[in-house]
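User: Please go through the model shown below with me, one feature at a time.

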Amino acid sequence: MDLEKRFLKYVSFDTQSDENSSSTPSTLKQLDLAKYLVKELKSIGCSDAFLDEYGIVYASIKANVNKKIPTIGLIAHMDTSSDCSGANIHPRIIRNYDGSKIMLNENTFLDPSEFVELNEQIHDDLIVTDGTTLLGADDKAGIAIIVESIYRIINDKNHLHGDIKIAFTPDEEIGRGTEHFDVEFFDCDYAYTLDGGDIHIIEYENFNAASAIVEIKGINIHPGSAKDKMINSILLAKEFDDLLPKDELPSNTFKYQGFHHLCDINGDVEHTTLHYIIRNHDANILKRQMNDFVTAKEKIDDKYHGNFVSLTLKEGYKNMKEVIEKHYEVIDKVTDAYKKLNIDYRFEPIRGGTDGANLSFLNLPCPNLGDGGYNFHGRYEYANLTQMRQMVKIVQEIARVKDL
């Protein structure tokens, strides 16, 4: 089975996670892929592959050199987003893409004038959806790359390598991918998640994260006699949101610029709840953003002469940059591989989070590499198979021992 067939097999499994579930993993169907991967890993030579009680697949291959060298880890996640259906996926391969508009179905197109990255992928092989589901490149492309790389390393007797550890996790899409990850058992000097997009991008910076829950009380009076008495919590919610900086909305920011994002609002005259996420690459600016919420609460309460706003602020994952920069050999290992293979690379910050961030703060430095997937979480998702093939070579090179 080659890289292409592996990927097509993996996306045939429906592995959506569920943020409303309290079980681990959040959906039992993720275990179907996990069990399959254990069998496949064993079949290619990872005899110790197993599935733990939390739905994490672990495996390894032993070093074939006597010299003591760092142990590296390769990590990807098995679940897909709940934003779009992940069942009954019908992938289609486009060989030698010619740069034209791609018809997914009679109503849905991948237009290079809209998805401009397609203009840089002419002559590449692509895998697309039928326009009714996501594809699952996030992150089954990462899994396929890891398994194919391990298969080739094991079967290349001239490929000298140290110990290599593999892990496939559930529930990454709902922020629980590392909740039960056993870093001590994994026992690596450093690792890489393969969970990005363009393989030419190396990522070791991510947002610092926080969340805010704003609960607003109102006073409900019959509208016929409400003058100077009614306080509509829905309108106070609007007023609260208007007090936050408008230039820090996701739609007004890019690259290193942080944002606050109103994810959900639900309420009536008497009670309204708002859920926000807050993000910034700079931890100090994140604190200022969080304080903006405190200031907005105080202004509303002062204006209406009461305690109408309840605010809960919580910090989440941190920017792994502060860890990676202390262990920069993990980046040097990657850039050396790109240079050896004459593949261009660049560094870009992640405008989001990553399992690698959590793992880095658990003493496992873990930057993120691309897997050739694009337009994640929706029907326009596709995988660049040509880039996936290149990433297999990059992973092999990262694992290679050069100096004995």
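User: What volume does the second largest pocket have?

Analyst: This is a predicted model, in which local features need pLDDT of at least 70, side-chain atom pairs count only at pLDDT 80 or more, and totals for chains, interfaces and linings use all residues. Residues are numbered from 1 along each chain as its sequence is written, and side-chain values use heavy atoms, with hydrogens and water left out. A pocket is an open set of points on a 1 Å grid over the protein atoms alone, where a 1.4 Å probe fits and protein lies on both sides within 12 Å along at least five of seven lines; lining residues have an atom within 4 Å of a point. Taking volume as the space filled by probe spheres set on the points, which are joined across faces, edges and corners, the second largest pocket has about 340 Å³.

User: Which element gives the most to the lining of the second largest pocket?

Analyst: Of its 14 lining residues, those closest to the centre are Ala210, Ser211, Tyr276, Ile277 and Lys314. Elements here are DSSP runs numbered from the N terminus: helices (H or I, at least four residues) and strands (E, at least two). Two or more lining residues come from each of β11, β13 and β14 (309-315). The most, five residues, come from β11.

User: Which residues lining the largest pocket are the closest to its centre?

Analyst: The largest pocket holds about 2,000 Å³ of space. Among its 50 lining residues, the closest to the centre are Glu173, Arg351, Gly352, Gly353 and His377.

User: Is Ser225 buried or exposed, or partly exposed?

Analyst: Ser225 sits in the loop between β11 (208-217) and α5 (233-242). Buried means under 20% relative accessible area and exposed over 50%, with partly exposed in between (1.4 Å probe, protein chains only). At a relative accessible area of 39%, Ser225 is partly exposed.

User: How many of the 19 residues of α3 are buried?

Analyst: Helix α3 covers residues 137-155, and its end C-alpha atoms lie 26 Å apart, in agreement with the 27 Å that its 19 residues should span at 1.5 Å a residue. That expected span is 1.5 Å times one less than the number of residues. The helix is largely enclosed by the rest of the structure, because the buried residues number 15 of the 19.

User: What is the bridge partner of Ile127 in β18?

Analyst: Strands β4, β7, β18 and β17 form, in that order, an open antiparallel sheet, where two strands pair if DSSP finds at least two bridges between them. Strands β7 (residues 126-128) and β18 (residues 382-384) are joined by three bridges. In β18, the partner of Ile127 is Ala383.
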